[in-house]
Amino acid sequence: MVGLTASLSNLSRSDGSASYKCPATGYDLLGAVNAPIELPARRDALKPEEATVEVFVKPGNTTAGVGERYVEGILRSVLSKVVLGRERGFPRRGVVITLAIVGGETLDRGDSYLTILPALLHTSLLALLSAAVPLSMTFSATLVGVNKSGAIITDLSAADAKAAASLHVLAFSSKNHLLLNQSEGRFDFDTWEQVRDRALSICKDMTTPGPDGDIAMGDEADSSRPEGFVRETVEDRLYKDYSWKIDSI
Amino acid sequence: MASSSASTAAPAAPNSLSLPPSQFARLQPHAYLLAHLSPPSSSNQPSIRANGRAPSQFRVTSANAGSLTHTNGSAVVRLGDTTAVCGVRAEILHTDDIASWSVSQSTNANKRRRIGESEKETEAKDEEDRAHIEDLNLLVPNISLSTGCAPGFIPSAPPSALAQSLSHQILSLLHTSRLVQAEDLRIWYQPPNLGPEEAQQHNDEEQMDLDAGANEEETKPAEIKAFWVLYIDIMLISLAGNPFDAAWASVLAALRDTKLPKAWWDVDNESILCSDDVKESQKLSLRGLPISSSFCVFEADAAAGWRAVVIPDAEEQKVQDSKHGSQQQKWILADPDGYEEGLVQERVYLVVDKEEGKTVIVKMEKLGGWTVDSEDLRQLVDISAQRWDEMKRILDQC
Amino acid sequence: MNDRRRVNGPPGGTRPPVYASLLQSGTGADTRAQRQRQPSDLRKIFLKTGLIPSASGSSYLEFEPSASLAAARSNPKSLIPPSSALKLACTVHGPKPLPRSAPFSPNLVLTTHVKYAPFAARRRKGHVRDSSERDLGVHLETALRGAIIAERWPKSGLDITVTILEAEDDRWWGDVPDSHDASWGMMNVLAGCISAASAAIADAHIDSEHRSIVSACVVAYMPARDEITELWLKGDSSKVSTADGDQRSGHEALIDGAVDAARGAHTVLAEAVRESLQKTLGQS
């Protein structure tokens, strides 16, 4: 998780957007959120008391296939739990998240989506924040591998991921709930518990103190950790947007 | 079934509301299921689901293999009211039809034959097996829900998002579990050891392009001439919840039933010919027996997360839950039926295998909520391991 | 063609296996399946309704395997099956409101879908409906439309879906060169579809017009050998009282009735063969 870069609100015509780059895996993503919007075509499927979250994943060099449908389902289930779809103005409407894979390794037929999943999750979170969609909590995700000799490896490259005995993607909410777990390969439960602890520490090691932080502060700022990274990206953007005001004080 | 169990297990349904249980179930599905799962403590009844099962009980499962004539292997799996039919059809992929074959393979295959079986080479061999199956698309699973299996799936429409993601899940599980061995799918050809004259003669006949002078003494390395491609098609005839378990079990049973005819490269015809003799055909030798079990989490108050002003920390929540001890807040239901699936968001999918009595997790997926963590997952792995024993018995009998 | 909504096989395509024994001409003729029934003998069928609870009506139909197939199953020698036996599942959804986009209809709109499973026939079938499947759908609709009182459900739709798990073909595998699903096999399939669909409709408690068997023959006639290979009656199962408590026995009675009727019709068979063959073909 070293050297992640992201920026918010790059697209002017969507309600919110984010671009995200993960150097370890080489993925470069662009996410856009439109919310709340009317979805007349899906009138029958809309839920009366909450918002419908729709996720679209577009690979960079081809049209979406069965693998994208699957990963869209995973993202939808995580995000609809985090989006406060019952807030005013949201019920019976849609929250539409579009994620384009701009760069990085192409995923072939039947390939596991685990390597790109954390990047997809972070991009959609940043785009949701940029669109000011009410969220019950934020989250962060990480990819952890276990290699053939049983050692836990982090910051996996695509080659590492291919060689690993098992791969795990875990997402934790800002309140330490396990929001998502996707594990595949061959492993036993004790290994998974170690992986879980490791992933939690990767996601949580820190909570970056904001300048006027109103949430629990950690000891030190560390933007290499996903959650602090999310916070920092948002802060950067806010600082930029309100520079006129901050400067005038 | 719902009505009979409701009258005994759901005294919570007020009598003043003179609705038959079946209508109560439709109007207030969440309250209906909750009433079943949390009987009043005075009644001393165990919590039981609206369908009469205990929370960790799977539906009655049956499997029947080999009943379809036009397949190499087939199976019907019934999981309660969910029925999946799987047919495996094998076709031949000539290496001539693979665009990148001649470049990548000719060197590779020769190398592989010469090297010993040290650890590095085993790894290289594993990688080659993986590459053959995954990169050449030798396994082609597709699931179809457009069979009128449930209302809401338009027949003869293109595959729905659910069907597509199920197809992907099955393919991905076939790949990660490495169930099918690449060696079973290869069709080898051992070029004859020709003397110089014969070779000359064959060259004249344009039979093959071989270097007559170079290695006449050496045994020619065998080469792969073709692969079997397995088209694995799953028709979901009836869908009443938990499509993945039923589909995967049917794939597993059908692959266990699959027989591939003996095939060889026929020099005269320049094509692959097969023998129709059953005795010469080969069953697939599958790696392990990964069994999937799905669970869903039913929450007493589904909207708790929405209403809470501040969502408690995971640790705090644990403490709170233990305080609430007597009043259970969530139930983990094994093998959910269609009715239950409509009431839950959080799901857990597990695929486990057993090696020498030891449980190995092949896939563990948890999504859609925040209530399940390691303790619950550990229990679910144990339940899945028990389910493995049960399914193994069922599959061994079919 | 690359279908992004499905898992695709090798891009270069694959070939079905070729059996060496079939390449040698002349062999195989003795092992070829011989009809062992009398021309007027009907095969036993297995029909069960109500297997799919989420549908308003459903049925599963299976023909008794021929003697040669049964023998080949119990004592397998060759991987080439001598014949196959029809197996199909039918569901009825509805009557339900028409979708918003559909124009107003004073009658029940009947939609039929017939789909072969990819592994149903001798040749692997594609996932997209081909012309023969659409054809069968039209035939089925024609056969059923007359039986349903469509005026009773204005603005409603009725979806009938037939999934063929194993199709029937009367020619042997050996005749590979020109054999695709010839209409002989298809007519059996159609007969099965109609029987199964009527059973499913009755299972769905949808009133049909005539409370008697509408019997029409679907006959396969093999001119080359001058013998009738298959005969099946399509029966309108509305004879079964729709309010009966025990449907299963009702249907069994219905099938027996249909079988009896077929036997009765046997005396006029010689004429009926030609007539109904034309009729069936003429329907398209």
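Start by selecting helix H1 of chain A, residues 66-82, which lies across S4 and S5 of chain A and runs at about 145° to S4(A). Helices (H or I, at least four residues) and strands (E, at least two) are DSSP runs numbered from the N terminus. Angles run from 0 to 180 degrees between N-to-C directions, with axes fitted to C-alpha atoms, for helices over the stretch in contact. This is a predicted model, where local features need pLDDT of at least 70, side-chain atom pairs count only at pLDDT 80 or more, and totals for chains, interfaces and linings use all residues. Residues are numbered from 1 along each chain as its sequence is written, while chains are lettered from A and ligands numbered from 1 in the order in which they are written.

Next, show the sheet in chain A. Its five strands form an open sheet in the order S1-S2-S3-S5-S4, with mixed pairing; strands pair if DSSP finds at least two bridges between them. At the edges, pairing on one side only, are S1 (5-8) and S4 (52-58).

Now pick S3 (27-37) and S5 (94-103) of chain A, an antiparallel pair with eight bridges. Zoom in on A:Ala32, whose bridge partner in S5(A) is A:Thr98.

Then move to chain B and colour domain 1 (61-285) and domain 2 (293-319 + 326-397), bounds that come from an automatic or database domain assignment. Where they touch, domain 1 of chain B gives 17 residues and domain 2 of chain B gives 15; residues are in contact if their C-beta atoms, placed from the backbone, lie within 7 Å. On the domain 1 side, H9(B) supplies the largest share, six residues.

Finally, select the contact between chains A and C: five residues come from each chain.

Key: Contact = placed C-beta atoms within 7 Å.
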